[in-house]
Amino acid sequence: MTEQAPFFMIISTDEFREKKEDFPHYKELLHNLGVSIRYCKAEIFADCVLGTIRVPQKSEHRQAQMSFGFYMTEEELIFIEDTGDLKQWMERQTDKIQEVQSPDQLLLQTMEQMIEKDILYLSHLEKEMENMEDMLIHGIPKDFFSSLTKYRRKISELNAYYAQLVAIGDLIQSHDNLFFKQNVEQWNRYSLRTERLQNHVHLLRENVLQLRELYQSQQDAQQNKIICILTVVTTLFLPLTLLTG
(Lines give C-alpha, C1' and ligand atoms only; values in the text may rest on other atoms or scores of the structure.)
Protein backbone atom coordinates (compact mmCIF):
# COMPACT_ATOMS: atom_id res chain seq x y z
CA MET A 1 0.00 0.00 0.00
CA THR A 2 1.43 3.36 -1.02
CA GLU A 3 0.26 6.35 1.01
CA GLN A 4 0.48 9.68 -0.84
CA ALA A 5 -1.51 12.03 1.47
CA PRO A 6 -3.66 11.76 4.61
CA PHE A 7 -6.77 11.17 2.48
CA PHE A 8 -5.23 9.54 -0.59
CA MET A 9 -3.68 6.15 -1.33
CA ILE A 10 -3.12 3.71 -4.19
CA ILE A 11 -3.63 0.00 -3.52
CA SER A 12 -3.81 -3.15 -5.60
CA THR A 13 -6.94 -5.17 -6.29
CA ASP A 14 -5.70 -7.90 -3.94
CA GLU A 15 -5.16 -5.37 -1.15
CA PHE A 16 -8.62 -3.96 -1.71
CA ARG A 17 -10.09 -7.47 -1.61
CA GLU A 18 -8.27 -8.26 1.65
CA LYS A 19 -9.73 -5.15 3.29
CA LYS A 20 -13.11 -5.33 1.56
CA GLU A 21 -15.05 -5.48 4.82
CA ASP A 22 -13.87 -1.93 5.55
CA PHE A 23 -15.61 -0.70 2.39
CA PRO A 24 -19.41 -0.76 2.15
CA HIS A 25 -20.62 -1.54 -1.37
CA TYR A 26 -17.30 -3.21 -2.15
CA LYS A 27 -19.11 -5.88 -4.20
CA GLU A 28 -20.08 -3.35 -6.90
CA LEU A 29 -16.49 -2.23 -7.35
CA LEU A 30 -14.96 -5.71 -7.18
CA HIS A 31 -17.38 -6.85 -9.87
CA ASN A 32 -16.09 -4.09 -12.19
CA LEU A 33 -12.47 -4.84 -11.30
CA GLY A 34 -12.94 -8.57 -11.87
CA VAL A 35 -12.60 -8.16 -15.62
CA SER A 36 -10.51 -5.75 -17.65
CA ILE A 37 -11.91 -2.25 -17.22
CA ARG A 38 -13.61 -1.26 -20.48
CA TYR A 39 -15.36 1.98 -19.65
CA CYS A 40 -15.64 4.91 -17.24
CA LYS A 41 -18.50 4.95 -14.76
CA ALA A 42 -19.42 6.13 -11.28
CA GLU A 43 -21.99 5.09 -8.72
CA ILE A 44 -23.03 7.29 -5.80
CA PHE A 45 -24.23 5.97 -2.46
CA ALA A 46 -25.09 7.79 0.72
CA ASP A 47 -21.63 7.32 2.21
CA CYS A 48 -19.32 6.85 -0.79
CA VAL A 49 -18.70 7.17 -4.51
CA LEU A 50 -17.09 4.38 -6.47
CA GLY A 51 -16.29 3.77 -10.09
CA THR A 52 -13.80 2.92 -12.79
CA ILE A 53 -11.76 4.98 -15.23
CA ARG A 54 -10.31 3.79 -18.52
CA VAL A 55 -8.08 6.31 -20.30
CA PRO A 56 -7.57 5.50 -24.00
CA GLN A 57 -4.25 5.84 -25.77
CA LYS A 58 -3.69 9.14 -27.54
CA SER A 59 -2.58 7.22 -30.60
CA GLU A 60 -4.00 4.67 -33.04
CA HIS A 61 -3.50 1.88 -30.48
CA ARG A 62 -6.70 0.66 -28.87
CA GLN A 63 -5.40 -0.68 -25.56
CA ALA A 64 -5.89 1.54 -22.51
CA GLN A 65 -3.23 4.07 -21.54
CA MET A 66 -4.24 3.34 -17.95
CA SER A 67 -7.24 1.94 -16.13
CA PHE A 68 -8.13 1.90 -12.46
CA GLY A 69 -10.94 1.88 -9.94
CA PHE A 70 -11.65 4.43 -7.24
CA TYR A 71 -13.48 4.41 -3.92
CA MET A 72 -14.14 7.79 -2.32
CA THR A 73 -15.70 8.81 0.97
CA GLU A 74 -15.83 12.18 2.66
CA GLU A 75 -12.55 11.38 4.43
CA GLU A 76 -10.48 9.50 1.84
CA LEU A 77 -9.91 8.65 -1.81
CA ILE A 78 -8.54 5.24 -2.71
CA PHE A 79 -7.35 4.31 -6.20
CA ILE A 80 -7.19 0.62 -7.09
CA GLU A 81 -4.83 -0.52 -9.86
CA ASP A 82 -2.38 -3.33 -10.53
CA THR A 83 -0.09 -2.09 -13.31
CA GLY A 84 1.64 0.82 -11.58
CA ASP A 85 0.79 3.17 -14.46
CA LEU A 86 -1.41 5.40 -12.31
CA LYS A 87 1.21 5.65 -9.57
CA GLN A 88 3.86 6.79 -12.06
CA TRP A 89 1.42 9.22 -13.65
CA MET A 90 0.47 10.73 -10.27
CA GLU A 91 4.13 11.22 -9.41
CA ARG A 92 4.58 13.21 -12.63
CA GLN A 93 1.52 15.35 -11.81
CA THR A 94 2.60 16.32 -8.30
CA ASP A 95 3.35 19.93 -9.25
CA LYS A 96 0.05 20.27 -11.15
CA ILE A 97 -2.24 18.84 -8.50
CA GLN A 98 -1.68 21.32 -5.68
CA GLU A 99 -3.49 22.74 -2.68
CA VAL A 100 -5.97 19.88 -2.62
CA GLN A 101 -8.27 20.17 0.37
CA SER A 102 -10.63 17.21 -0.01
CA PRO A 103 -10.87 13.77 -1.64
CA ASP A 104 -13.42 14.89 -4.24
CA GLN A 105 -11.25 17.86 -5.16
CA LEU A 106 -8.33 15.49 -5.73
CA LEU A 107 -10.50 13.20 -7.88
CA LEU A 108 -11.68 16.22 -9.86
CA GLN A 109 -8.16 17.56 -10.44
CA THR A 110 -6.93 14.09 -11.39
CA MET A 111 -9.66 13.72 -14.00
CA GLU A 112 -9.04 17.24 -15.28
CA GLN A 113 -5.35 16.52 -15.79
CA MET A 114 -6.18 13.35 -17.71
CA ILE A 115 -7.91 15.42 -20.42
CA GLU A 116 -5.58 18.43 -20.17
CA LYS A 117 -3.90 17.92 -23.56
CA ASP A 118 -6.70 16.11 -25.34
CA ILE A 119 -7.61 19.11 -27.47
CA LEU A 120 -4.10 19.01 -28.94
CA TYR A 121 -4.54 15.34 -29.84
CA LEU A 122 -7.93 16.01 -31.43
CA SER A 123 -6.42 18.87 -33.44
CA HIS A 124 -3.68 16.48 -34.56
CA LEU A 125 -6.30 14.00 -35.77
CA GLU A 126 -8.08 16.78 -37.63
CA LYS A 127 -4.85 17.81 -39.35
CA GLU A 128 -4.10 14.21 -40.31
CA MET A 129 -7.51 13.87 -41.92
CA GLU A 130 -7.01 17.13 -43.81
CA ASN A 131 -3.78 15.70 -45.21
CA MET A 132 -5.62 12.53 -46.23
CA GLU A 133 -8.19 14.65 -48.05
CA ASP A 134 -5.49 16.55 -49.92
CA MET A 135 -3.86 13.28 -51.02
CA LEU A 136 -7.20 11.80 -52.05
CA ILE A 137 -7.94 14.70 -54.38
CA HIS A 138 -4.89 13.74 -56.49
CA GLY A 139 -5.53 10.00 -56.41
CA ILE A 140 -6.24 7.13 -54.05
CA PRO A 141 -3.23 6.53 -51.76
CA LYS A 142 -2.17 2.99 -50.96
CA ASP A 143 -3.94 1.51 -47.89
CA PHE A 144 -6.17 4.58 -47.68
CA PHE A 145 -9.27 2.69 -46.59
CA SER A 146 -7.46 0.77 -43.83
CA SER A 147 -6.05 4.05 -42.48
CA LEU A 148 -9.50 5.60 -42.57
CA THR A 149 -10.90 2.61 -40.68
CA LYS A 150 -8.31 3.10 -37.91
CA TYR A 151 -9.35 6.75 -37.55
CA ARG A 152 -13.02 5.77 -37.43
CA ARG A 153 -12.40 3.24 -34.65
CA LYS A 154 -10.30 5.65 -32.62
CA ILE A 155 -12.91 8.40 -32.95
CA SER A 156 -15.65 6.01 -31.86
CA GLU A 157 -13.56 5.07 -28.82
CA LEU A 158 -12.97 8.74 -27.92
CA ASN A 159 -16.64 9.59 -28.38
CA ALA A 160 -17.64 6.87 -25.90
CA TYR A 161 -14.87 7.98 -23.50
CA TYR A 162 -15.97 11.63 -23.38
CA ALA A 163 -19.65 10.68 -23.16
CA GLN A 164 -18.84 8.56 -20.09
CA LEU A 165 -16.82 11.39 -18.49
CA VAL A 166 -19.68 13.83 -19.11
CA ALA A 167 -22.04 11.37 -17.41
CA ILE A 168 -19.72 11.10 -14.37
CA GLY A 169 -19.42 14.88 -14.06
CA ASP A 170 -23.17 15.39 -14.42
CA LEU A 171 -23.90 12.65 -11.88
CA ILE A 172 -21.58 14.09 -9.23
CA GLN A 173 -22.60 17.73 -9.63
CA SER A 174 -26.31 16.93 -9.61
CA HIS A 175 -26.16 14.77 -6.49
CA ASP A 176 -27.22 16.33 -3.19
CA ASN A 177 -24.45 14.65 -1.20
CA LEU A 178 -22.99 17.27 1.12
CA PHE A 179 -19.32 16.47 0.55
CA PHE A 180 -19.67 17.50 -3.12
CA LYS A 181 -21.28 20.86 -2.46
CA GLN A 182 -18.11 22.92 -2.13
CA ASN A 183 -16.84 21.86 -5.56
CA VAL A 184 -20.10 21.63 -7.50
CA GLU A 185 -19.19 24.55 -9.78
CA GLN A 186 -15.83 22.96 -10.64
CA TRP A 187 -17.57 19.68 -11.51
CA ASN A 188 -19.96 21.65 -13.71
CA ARG A 189 -17.03 23.23 -15.57
CA TYR A 190 -15.49 19.78 -15.96
CA SER A 191 -18.68 18.44 -17.51
CA LEU A 192 -18.83 21.37 -19.94
CA ARG A 193 -15.19 20.87 -20.86
CA THR A 194 -15.61 17.17 -21.61
CA GLU A 195 -18.78 17.98 -23.54
CA ARG A 196 -16.81 20.39 -25.76
CA LEU A 197 -14.25 17.65 -26.39
CA GLN A 198 -17.07 15.30 -27.34
CA ASN A 199 -18.47 17.91 -29.74
CA HIS A 200 -15.04 18.15 -31.36
CA VAL A 201 -15.07 14.38 -31.79
CA HIS A 202 -18.48 14.63 -33.49
CA LEU A 203 -16.94 17.00 -36.04
CA LEU A 204 -14.10 14.54 -36.61
CA ARG A 205 -16.64 11.78 -37.14
CA GLU A 206 -18.34 13.89 -39.82
CA ASN A 207 -14.93 14.40 -41.44
CA VAL A 208 -14.46 10.63 -41.58
CA LEU A 209 -17.84 10.24 -43.30
CA GLN A 210 -16.93 12.91 -45.84
CA LEU A 211 -13.58 11.25 -46.51
CA ARG A 212 -15.33 7.95 -47.04
CA GLU A 213 -17.75 9.54 -49.52
CA LEU A 214 -14.86 11.23 -51.34
CA TYR A 215 -12.99 7.92 -51.43
CA GLN A 216 -16.04 6.19 -52.90
CA SER A 217 -16.51 8.90 -55.53
CA GLN A 218 -12.84 8.61 -56.49
CA GLN A 219 -13.20 4.86 -56.85
CA ASP A 220 -16.33 5.31 -58.96
CA ALA A 221 -14.49 7.82 -61.16
CA GLN A 222 -11.63 5.35 -61.65
CA GLN A 223 -14.03 2.57 -62.56
CA ASN A 224 -15.86 4.84 -65.01
CA LYS A 225 -12.56 5.78 -66.59
CA ILE A 226 -11.64 2.10 -67.04
CA ILE A 227 -15.05 1.36 -68.54
CA CYS A 228 -14.63 4.26 -70.99
CA ILE A 229 -11.22 2.95 -72.07
CA LEU A 230 -12.62 -0.55 -72.56
CA THR A 231 -15.50 0.88 -74.55
CA VAL A 232 -13.15 2.77 -76.85
CA VAL A 233 -10.94 -0.29 -77.33
CA THR A 234 -13.96 -2.46 -78.04
CA THR A 235 -15.27 0.07 -80.56
CA LEU A 236 -11.93 0.19 -82.37
CA PHE A 237 -11.54 -3.57 -82.65
CA LEU A 238 -15.17 -4.48 -83.30
CA PRO A 239 -14.91 -3.97 -87.14
CA LEU A 240 -11.87 -6.26 -87.25
CA THR A 241 -13.78 -8.86 -85.23
CA LEU A 242 -16.71 -8.66 -87.68
CA LEU A 243 -14.43 -8.96 -90.69
CA THR A 244 -12.66 -11.92 -89.18
CA GLY A 245 -15.98 -13.53 -88.47
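Here is a short briefing on the salt bridges in this structure. The model is predicted, and a search of the whole of it turns up 6 salt bridges. As background, side chains of opposite charge can pair when their charged atoms come close.

- Glu157 pairs with Arg54 in a salt bridge whose closest N and O atoms are 3.1 Å apart.
- Glu157 belongs to helix 6 (residues 144-174) and Arg54 to strand 4 (residues 49-56), so this pair ties together parts that lie 103 residues apart in sequence.
- Glu157 counts as buried because its relative accessibility is 12%, under the 20% cut-off.
- Arg54 is buried too, with a relative accessible area of 16%.
- Lys154 joins the picture here, as Arg54, Lys154 and Glu157 are linked in a network of salt bridges.

**Arg193 and Glu116**
- A salt bridge links Arg193 with Glu116, and their closest N and O atoms are 3.2 Å apart.
- Arg193 sits in helix 7 (residues 184-244), while Glu116 is in the loop between helix 4 (103-114) and helix 5 (118-137), so the pair ties together parts 77 residues apart in sequence.
- Arg193 is partly exposed at 24% relative accessibility, and Glu116 is partly exposed with a relative accessible area of 37%.

**Lys41 and Glu43**
- Glu43 forms a salt bridge with Lys41, with 3.6 Å between the closest N and O atoms.
- Glu43 has a relative accessible area of 23% and is partly exposed.
- Lys41 likewise counts as partly exposed, at 23% relative accessibility.

Terms used: Residues are numbered from 1 along each chain as its sequence is written. This is a predicted model: local features need pLDDT of at least 70, side-chain atom pairs count only at pLDDT 80 or more; totals for chains, interfaces and linings use all residues. Side-chain values use heavy atoms; hydrogens and water are left out. A salt bridge is a side-chain nitrogen of Lys or Arg within 4 Å of a carboxyl oxygen of Asp or Glu. Buried means under 20% relative accessible area, exposed over 50%, partly exposed in between (1.4 Å probe, protein chains only). Helices (H or I, at least four residues) and strands (E, at least two) are DSSP runs, numbered from the N terminus.
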